Amino acid sequence: MLTDIFAERYATRQLWDGIREEERRLLVQAIKLVSRQVLVYYKDGNPQPGAEARWNAIHDKLAVELGLSSLSPKAYSYISVHNGVLHTSAGLNSIHTVCEQ
């Protein structure tokens, strides 16, 4: 179980002292492998039935283990200029995007 791995096995072991380019690449490859081969979230550009619930469960367990309320922001907001007029865009990230980021 995920809780046992992080809380017990690695309680006193530092896994990485920082994230370098090599670790970043590993993490990108890992999330792509999981989301495309193991726990498929999108197929033909559409979320699969049950995928959101599975990814929410993964997110929630991992966030707790890392002591975070969320792995990354669940919402976004930004201002852009179009034809000299300021526009605000806001919305919610999919749980897949939250985990990926």
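Helix α3 covers residues 51-66, 16 residues in all. From its first C-alpha to its last it reaches 22 Å, close to the 22 Å expected at 1.5 Å a residue. That expected span is 1.5 Å times one less than the number of residues. Helices here are DSSP runs of H or I with at least four residues, strands are runs of E with at least two, and both are numbered from the N terminus. The model is a predicted one: local features need pLDDT of at least 70, side-chain atom pairs count only at pLDDT 80 or more, and totals for chains, interfaces and linings use all residues. Residues are numbered from 1 along each chain as its sequence is written, and side-chain values use heavy atoms, with hydrogens and water left out.

Start with the buried side of α3. Its buried residues are Ala51, Trp55, His59 and Ala63. Seen down the axis of α3, they fall within an arc of 80°, so they line one face of the helix. The arc is that of the directions from the helix axis to the C-beta atoms. Buried means under 20% relative accessible area, exposed over 50%, and partly exposed in between (1.4 Å probe, protein chains only). The face turned away from the buried side carries the exposed residues Ala53 and Val64.

What covers the buried residues of α3? The cover includes α2 (21-38) and α4 (95-100). After α3 comes Gly67, whose phi is positive, near 75°.

Now look at the core. In soluble globular proteins, nonpolar side chains tend to be buried together. Here the largest nonpolar core has seven residues: Ile31, Tyr41, Ala51, Trp55, Ile95, Val98 and Cys99. A nonpolar core is a set of buried Ala, Val, Leu, Ile, Met, Phe, Trp, Tyr and Cys residues joined through side-chain atoms within 4.5 Å. α3 and α4 each supply at least two residues of this core. α4 gives the most, with three residues.

Contact means heavy atoms within 4.5 Å. Leaving aside neighbours within four places in sequence, Val98 is in contact with His59, Ser70, Leu71, Ser72, Pro73, Lys74 and Asn93. Ser72 sits in the loop between α3 and β3 (75-82). Ser72 counts as buried, at 10% relative accessibility.

Val34 is partly exposed, with a relative accessible area of 30%. Beyond four places in sequence, its contacts are Leu39, Val40 and Trp55.
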